[in-house]
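Here is a short tour of a protein model with its ligand. Have a look at the structure below, and then we can walk through it together.

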Amino acid sequence: MPEVTTEATDVFDIMHTMRAMRRLKPDPVPDELIRKILAAGQAAASGGNTQRWRFLVLKDPAIKKAVQVYYKKAFDELVGPRYATSAPPPGSDPARYKRQHAAVEYLTDHYHEAPVWIVACLEDGANAGRSAGSSIYPAVQNMLLAARALGLGSTLTTRHIQYEKEVDAAMGIPPGFHSYAILPIGYPMGRFGPVGRGPLKDVVYLDGWGKPYPGL
Ligand SMILES: Cc1cc2nc3c(=O)[nH]c(=O)nc-3n(C[C@H](O)[C@H](O)[C@H](O)COP(=O)(O)O)c2cc1C
């Protein structure tokens, strides 16, 4: 396994070491780095190139705290109990999954302490369908990759959507727009490392469902 560096330029290194970084320092992040992350988001594709996105940068402690209350509520009601009873996913094991659970709980308690949030919003109208998110999540992934490249930690979070009316109101998001992800960003306490996933051959087929792809 090659050494994992803080900053990175090779796109494959970046993708394979872009773990969910949930333990973040409260130290401020320079605006120039946030600008680079936002520009990476805006470089993403959107359906029909409509670009109906808005990126709300949040540093205001009171607004972040108001959202964290609902993020924690959703953990206590749903996510915590689910973690406690579910099996480790592919590429993980009980010990690693337990560490993930602890990190998820840590972020839940410290969500608002991340120095900067980027809230990815979309003008999706009143009756957004199944494909709506496909015009904002490419931008979200670009921003996560950019943060990783710059040595900044983040996590794609969507749990707040369980209380979308309350949190969108707390963040002042106007009618017609909705938040699709919150990226808490900061310098990581821990180190970047390889992501854990199951064997690629278990999820890839050739010329028919369930037929192995021999190229792997
Ligand atoms: C759609 C989506 C929603 C997610 N929401 C949350 C969230 O609300 N809170 C959180 O801590 N992690 C969230 N995650 C992060 C996943 O839990 C994380 O990617 C997974 O644990 C794998 O971690 P790893 O990339 O470090 O291996 C979300 C990821 C995705 C793709």
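This is a predicted model: local features need pLDDT of at least 70, side-chain atom pairs count only at pLDDT 80 or more; totals for chains, interfaces and linings use all residues.

Residues are numbered from 1 along each chain as its sequence is written, and side-chain values use heavy atoms, with hydrogens and water left out.

Now for the polar contacts (pairs of N or O atoms within 3.5 Å). A side-chain N or O atom of arginine 22 lies 2.8 Å from a ligand oxygen, while for glutamine 100 a side-chain N or O atom is 3.2 Å from an oxygen of the ligand. Leucine 156 uses a polar backbone atom, 2.9 Å from a ligand nitrogen. On its own the ligand exposes 620 Å², and the protein buries 66% of that (Shrake-Rupley method, 1.4 Å probe).

## Arginine 130

Arginine 130 sits in the loop between β2 (116-123) and α5 (137-149); strands are DSSP runs of E, at least two residues, and helices runs of H or I, at least four. Arginine 130 counts as exposed because its relative accessibility is 89%, and exposed means over 50% (1.4 Å probe, protein chains only). Its C-alpha atom is 28 Å from that of histidine 16, 114 residues apart along the chain.

Notes:
A polar contact is a pair of N or O atoms within 3.5 Å; within protein, one must be able to donate a hydrogen and the other to accept it, and residues adjacent in sequence count only if both atoms are side-chain atoms. Buried means under 20% relative accessible area, exposed over 50%, partly exposed in between (1.4 Å probe, protein chains only).
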